[in-house]
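Let's walk through a protein fold together, one piece at a time. Keep the picture open as you read, and find each part as it comes up.

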Amino acid sequence: MEIGCSYGYNLAKFCESFSCQCYGIEPSKEAVEDGNRRYKDLPIQLTQGTGDLLPYEAESMDVVIMGFCMLWMERKDILQAYAQADRVLKTNGIMMVYDFDAKMPYLRDNIHNREVFTYKMDYAQPFMAFPNYYLMDKTVFCHMGNFFDKRIQERISLQILYKESLEDAYRKG
């Protein structure tokens, strides 16, 4: 399941690679309609909605992808989006966080729309504040390709987290 899936191009690649049912949530009605038309022959279900209210059952997803969506979210909704992503991800599931690799939080003007800001930060950190999320891998690259860019504004990371059971995450004293 991908939060902020646009028209589903990442899900289509995932679906083709792993032969699985994929789900996506996206605020744009046009993107959802386009993706559902475009990928009608693949097992992909795109739904219009937002990350702070996911229309899926608790612990129903093996993988949750948050790719370049959190930087656009209203700050008042961000904690609810984290809670929803955690709610739908199964224990022993994988959380993939794909976004700008910001060392510290900052607000930035949006080059595409001057009326909207983007909020950059390490979006995997709130998950990792809890002991049941474990960082399996972090890869840093840039928009131009699979290499490290010296320009901090161009850095992107993919962080893969594993969600353990709460019983396994806490040591009993």
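In strand 9, L161 is the bridge partner of M95. That link is one of 7 bridges joining strand 9 to strand 5 (residues 89–100), and these two strands run antiparallel. Before going on, note that this is a predicted model, where local features need pLDDT of at least 70, side-chain atom pairs count only at pLDDT 80 or more, and totals for chains, interfaces and linings use all residues. Residues are numbered from 1 along each chain as its sequence is written, and side-chain values use heavy atoms, with hydrogens and water left out.

What do we mean by a strand or a helix? Both are DSSP runs numbered from the N terminus: strands are E with at least two residues, helices are H or I with at least four. Two strands count as paired if DSSP finds at least two bridges between them. In general, strands of a sheet pair through backbone hydrogen bonds, either parallel or antiparallel.

Strand 9 also pairs with strand 8 (residues 133–142): 9 bridges join them, and they run antiparallel. Step back and you'll see an open sheet of 7 strands in the order 3-2-1-4-5-9-8, with mixed pairing. Strand 3 (44–48) and strand 8 stand at the edges with a single partner strand each, so one side of each has no neighbour in the sheet.

How many of the 9 residues of strand 9 (residues 155–163) are buried? Buried means under 20% relative accessible area, exposed means over 50%, and partly exposed is in between (1.4 Å probe, protein chains only). The count is 7, so strand 9 is largely enclosed by the rest of the structure.

Now hop over to helix 3 (residues 78–88), where I78, A81, Y82, Q84, A85 and V88 are buried. Looking down the axis of helix 3, these buried residues fall within an arc of 165° (taken from the directions from the helix axis to the C-beta atoms), so they line one face of the helix. An α-helix has 3.6 residues a turn, so residues three or four places apart point the same way. The cover over the buried residues of helix 3 includes strand 1 (2–3), strand 4 (61–67), strand 5 and helix 4 (125–128), where contact means heavy atoms within 4.5 Å.

Grid points are joined across faces, edges and corners, and a volume is the space filled by probe spheres set on the points.

The whole structure has 1 cavity of 30 Å³ or more, and the largest cavity has a volume of about 40 Å³. Its lining includes V97, F100, M121, S157 and Q159. Strand 5 gives the largest share of that lining, 4 residues.

The largest pocket holds about 500 Å³ of space. Of its 26 lining residues, G4, E26, F68, C69 and W72 are the closest to its centre. The second largest pocket has a volume of about 320 Å³, and F100, N110, I111, H112 and K120 are the closest to its centre.

Terms used. 1 Å grid on protein atoms, 1.4 Å probe; cavity = no way out; pocket = protein on both sides within 12 Å on 5 of 7 lines; lining within 4 Å.
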